[in-house]
Amino acid sequence: MSKNIVIVGAGVAGINAATKLIDNNYKGKITIIDMGKDPHKRLPSEVMTGMLGAGGWSDGKLTYHTAIGGQLKKYCGEDKAMQLMDQVITNFKRFHPKPEEVQCSNPDAEPDFIKPYFGLRLFPVWHVGTDYLLEIAKNWYSYLVNNGVQFEWESKVHTIEFKENTVYWKDLTNKEWQQSYDELIFGVGKSGIDFGKGLAEQYNLPTEPKSVQIGVRFEAPQHHFQKLIDISYDFKLYRKFDDKGVSLRSFCTNNNAAYVAVEETYGNYTYNGHAKKDERYRNDMTNFGIIMELNGIEDPFTWSRDVVKQLQSIDNKGLYYSPSRKPSTTSENEPVEAFQISDADMTSVRRTFEGYFNYIDDFIDDMKKVFPTLKDDWGIYIPEVKYLSPEPLVDYTNLALTKYPNVHFVGDALSARGITVSGAQGIYVAEDILKYN
Ligand SMILES: Cc1cc2nc3c(=O)[nH]c(=O)nc-3n(C[C@H](O)[C@H](O)[C@H](O)COP(=O)(O)OP(=O)(O)OC[C@H]3O[C@@H](n4cnc5c(N)ncnc54)[C@H](O)[C@@H]3O)c2cc1C
């Protein structure tokens, strides 16, 4: 008999899992519960929740390399990982109203002008664009609904009883609901990170060690970086200090119609970015994260949370520093919410980072050498963070908790940090469920 599957989180991971099941004529009941809205109601300000999750209002850069976007090949090996990512990219194209507009950037060599200051990670990336993602989400949603998937929107799951196989949630009117499951796919992404962490503590789940991933979102007029963008749209400049346990990389580059986005996690402001495709939105700006990976910090999650908390203004916004510029506007023409700070205030920012900010200062100084027109024509939104919650230990063959083999963790709730890897993890779990049905 086909199993009753409940998916918590209609994000990239959950939706790809459901799609894999439906594509293979899965006959059991599939219910997807999400605290956000369906794609017809979801607002641009709802960056993190709703159909396709954070991926739904992201920049839609689909990276295609196992060194990017979190853990995948450690579970299933290189070849399988690439094959799973292929399926995710195919899904995004398949529901795209104009799939021919999904462009691929695929640099094949590190350009000489960035040496000796930076290395450049070489990998293909498909760029979907924020505005098309909504259309994709609508088409994808119709496909799943028409094939019998049941969605519960604006429904926040607050409890999962792993021992009784039951999920509990409240709807908009605060009414309580519950549903039992045979298999649970837990894909709550970053917006559900606290929930995942709470479950890990409640059930005393064994975890794998993690690093700190923190930095700033850098923004400047695009022309300064055009030479590199022509080679690689989502360029990943990187440098490593192995003896110090520190590495840095530029992360999630947005160009042409590029906007900085506020990401609210745990009630604090952090920053990210996205880009639109439509020429109407062109602002000729570039933004990217300068993210440090810090190894060897005890309790990395708490350390990151504390640093982020301290990097908020008195009116609870994030910070903006620039030697010459003001914060930009969003694509809706609203100012990006950030409190502008002075040179003097940067001293306290540097102190908060406990010495690690020197690496970011050096990164920016060296960018000024590599991109000589840049000078002081840039700004940084502080902080950008990739909260890596303690990663629960899972069975690598199906991402099920070692203590609860019918509960599968996927996407950012497990170890992913991007769309293709999150979607691939969802598909990987679905493939395993299909084997036994
Ligand atoms: C602004 C922005 C731009 C980005 N750009 C890119 C990019 O260009 N390329 C890239 O690869 N990655 C990008 N990312 C990251 C990418 O979006 C995520 O890595 C990816 O969406 C993670 O997928 P997921 O399914 O794990 O979680 P998500 O897609 O975040 O989905 C999680 C879902 O779970 C739901 N949820 C959470 N808690 C609960 C609960 N308690 N009850 C019910 N539902 C719940 C949420 O509403 C959400 O819909 C970006 C992220 C942001 C915020």
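Modeller: Helix axes here are lines fitted to C-alpha atoms over the stretch in contact, and angles run from 0 to 180 degrees between N-to-C directions. The model is predicted.

Start with helix α4, residues 78–94, and helix α11, residues 419–435. Their axes come within 8 Å and cross at roughly 105°. Angles of 65 to 115 degrees count as roughly perpendicular, so α4 and α11 are roughly perpendicular to each other. On the α4 side, the contact is made by K80, L84, M85, Q87, V88, I89, N91 and F92. On the α11 side, the partners are I419, T420, V421, G423, A424, I427, Y428 and E431. By class, this contact of α4 with α11 holds ten nonpolar, four polar and two charged residues.

Helix α4 also meets helix α1, residues 12–23. The axes of α1 and α4 come within 11 Å and cross at roughly 85°. α1 and α4 are therefore roughly perpendicular to each other as well. From α1 come V12, N16, T19, K20 and D23. From α4 come Q87, V88, N91, F92 and R94. The contact of α1 with α4 divides into three nonpolar, four polar and three charged residues.

R94 leads on to the rings. Its charged end sits over the ring of Y143, 4.8 Å from the centre. Elsewhere, R121 lies over the face of Y238, at 4.5 Å from the ring centre.

Now the aromatic pairs. The count comes to 32. One of them joins F218 and F225 edge-to-face, 6.1 Å centre to centre with 85° between the planes. F218 is at 0% relative accessibility, so F218 counts as buried. F225 is buried too, with a relative accessible area of 0%. Another edge-to-face pair is F235 with F288, at 5.3 Å centre to centre and 70° between the planes. This pair links distant parts of the chain, 53 residues apart. F235 is in the loop between α7 (226–229) and β14 (236–241), while F288 is in strand β18, residues 285–294. Both F235 and F288 are buried.

Next, the backbone. Most residues other than glycine have a negative phi, and most peptide bonds are trans. The bond from K115 to P116 is cis, with omega near 5°. P116 is in the loop between β4 (103–105) and β5 (119–121). A cis bond also joins I382 and P383, with omega about -5°. P383 lies in strand β21, residues 379–385.

Two non-glycine residues have positive phi. N165 has phi near 55°. N165 is in the loop between β8 (156–161) and β9 (166–170). Its relative accessibility is 25%, so N165 counts as partly exposed. L399 has phi of about 55°. L399 is in the loop between β23 (394–395) and β24 (400–401). Its relative accessibility is 0%, so L399 counts as buried.

Last, M35. This residue is in the loop between β2 (30–33) and α2 (53–56). M35 is partly exposed, with a relative accessible area of 33%. Leaving aside neighbours within four places in sequence, M35 is in contact with T49, E154, S155, K156 and S191. The C-alpha atoms of M35 and M51 are separated by 9.7 Å, and the two residues are 16 apart along the chain.

Key: Residues are numbered from 1 along each chain as its sequence is written. This is a predicted model: local features need pLDDT of at least 70, side-chain atom pairs count only at pLDDT 80 or more; totals for chains, interfaces and linings use all residues. Side-chain values use heavy atoms; hydrogens and water are left out. Rings of Phe, Tyr and Trp (its six-membered ring) pair if their centres lie within 6.5 Å; planes under 30 degrees apart count as stacked, over 60 as edge-to-face and the rest as tilted. Buried means under 20% relative accessible area, exposed over 50%, partly exposed in between (1.4 Å probe, protein chains only). Helices (H or I, at least four residues) and strands (E, at least two) are DSSP runs, numbered from the N terminus. A charge sits over a ring if NZ of Lys or CZ of Arg is within 6 Å of the ring centre and within 35 degrees of the ring normal. Angles under 35 degrees count as roughly parallel, over 145 as roughly antiparallel, 65 to 115 as roughly perpendicular and the rest as oblique. Contact means heavy atoms within 4.5 Å. Ala, Val, Leu, Ile, Met, Phe, Trp, Tyr, Cys and Pro count as nonpolar, Asp, Glu, Lys and Arg as charged, and the others, Gly among them, as polar.
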